[in-house]
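Welcome! Please take a moment to look over the sequence and the 3D view, and then walk through a few features with me.

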Amino acid sequence: MTQLNYWLKSLGMLTVAVLTTVTPITSRKASARTVADLRQEGKSLEISVLPPDTDPDSIKIPVPPPETNKNGICPEFLPPVIDSIIDHPSLARGKWGILVESLSEEKIFYSHNANQYFIPASNIKLLTTAAALNKLHPNTPIRSKSMEEWVKITNLKSNNSYADTLLRYIGGSEAVQDALAELGVDPNSYRLADGSGLSRKNLATPEVFVTTLKGMSDANNNEVFLASLPVAGVSGTLKNRLRHPSTQTKVQAKTGTLRGVKALSGYLEHPDYGTIVFSIMVNQPSQSGKVLEKGIDQIVLRLTQLMPCS
């Protein structure tokens with residue numbers, strides 16, 4: 001009998017040990033209803049990093065959780081989202097300059113190297129055409145066309161010869177500086193070598209383009225300037241870009257392309273924040289234009305996902 005009790009006791013201990021081994025210990029994760037709750041409770045948010053994709057041209061970006069159930073990004077979470085794009089292995093060696101602001105409010109959504117010089121490629125045409133419209137009436141004849149037609153062809157089709165001719169016609173780089181100064185553009189924040197952006201001696205900061213775009217929103221002949229910009233998924237150099245439902249027809253911007261250079265500066269119409277003005281430039285000679293363009297388009301797509309979280 002003593003041996004039986006001893007055997008039963010041993011069997012019970014073994015059973016407990018086995019169950020303990022095979023039964024996982026369930027860990028509790030603290031839950032919170034909103035981002036604000038997490039902040040109040042002193043808990044940190046973890047941003048997961050997606051595994052690298054096998055496609056070298058593919059860029060996948062983790063998006064921090066929004067405050068509500070909607071698929072959106074709170075403004076305070078936009079910086080890490082954009083940082084994750086430009087820090088992607090295929091883009092990390094590039095020099096990025098980005099500035100994103102609200103048109104109607106003094107609100108900066110994102111800024112990265114906003115006051116540093118970049119080769120802007122055809123984004124320089126924004127300065128040329130803005131200056132031309134501030135100096136001359138749209139009906140002013142230039143050869144067989146009006147100033148309005150010259151501006152439209154310059155920006156919509158990114159015509160280099162039209163841009164360079166336009167610059168000479170209005171009086172050169174000094175005339176551009178005088179005209180843009182009236183819009184609040186610092187003449188020391190860019191260097192104009194031509195009107196088209198073909199020269200790599202052109203230099204400009206993202207802030208120059210944002211300031212110019214904001215100034216032109218209510219300047220004389222602003223409707224001509226706006227109508228000259230390509231529309232995402234619809235016209236000009238953006239006809240085959242940004243065709244996502246959240247960007248198509250909602251983005252008007254000037255493209256810029258040279259070897260190792262990509263740029264996009266313009267306006268985004270947002271349902272919650274009105275008009276957002278942005279300038280995105282990257283100089284990365286070692287990377288293909290296709291990859292750089294995808295990175296820029298991913299950033300613009302994330303801007304459409306902004307949502308109020310207060």
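Two strands pair if DSSP finds at least two bridges between them. Helices (H or I, at least four residues) and strands (E, at least two) are DSSP runs, numbered from the N terminus. This is a predicted model, in which local features need pLDDT of at least 70 and side-chain atom pairs count only at pLDDT 80 or more, while totals for chains, interfaces and linings use all residues. Residues are numbered from 1 along each chain as its sequence is written, and side-chain values use heavy atoms, with hydrogens and water left out.

**Strands**
- Strand β1 (residues 95–102) pairs with β2 in the antiparallel sense, over four bridges.
- The link from β1 to β2 is a hairpin of five residues.
- Look for L99, whose bridge partner in β2 is S111.

**Aromatic rings**
- You can find two aromatic pairs in the structure. Rings of Phe, Tyr and Trp (its six-membered ring) pair if their centres lie within 6.5 Å; planes under 30 degrees apart count as stacked, over 60 as edge-to-face and the rest as tilted.
- F109 and Y273 form an edge-to-face pair, because their ring planes are at 75°, with the centres 5.2 Å apart.
- This pair links distant parts of the chain, 164 residues apart: F109 is in strand β2 (residues 108–112), and Y273 is in the loop between β8 (261–270) and β9 (274–283).
- Buried means under 20% relative accessible area, exposed over 50%, and partly exposed in between (1.4 Å probe, protein chains only). F109, at 5%, is therefore buried, and Y273 is buried with 17%.
- The rings of W150 and Y162 have centres 4.3 Å apart and planes at 40°, so this pair is tilted.
- W150 belongs to helix α5 (residues 147–156) and Y162 to helix α6 (residues 160–170), so the pair ties together parts that are 12 residues apart in sequence.
- Both W150 and Y162 are buried.

**A charge over a ring**
- The charged end of K95 sits over the ring of F118, 4.7 Å from its centre (the rule asks for NZ of Lys or CZ of Arg within 6 Å of the ring centre and within 35 degrees of the ring normal).

**A loop residue**
- Is P245 buried or exposed? P245 is exposed, because its relative accessible area is 65%.
- P245 lies in the loop between α9 (222–227) and β7 (251–258).
- From P245 to G233 is 12 residues in sequence and 9.4 Å in space, C-alpha to C-alpha.
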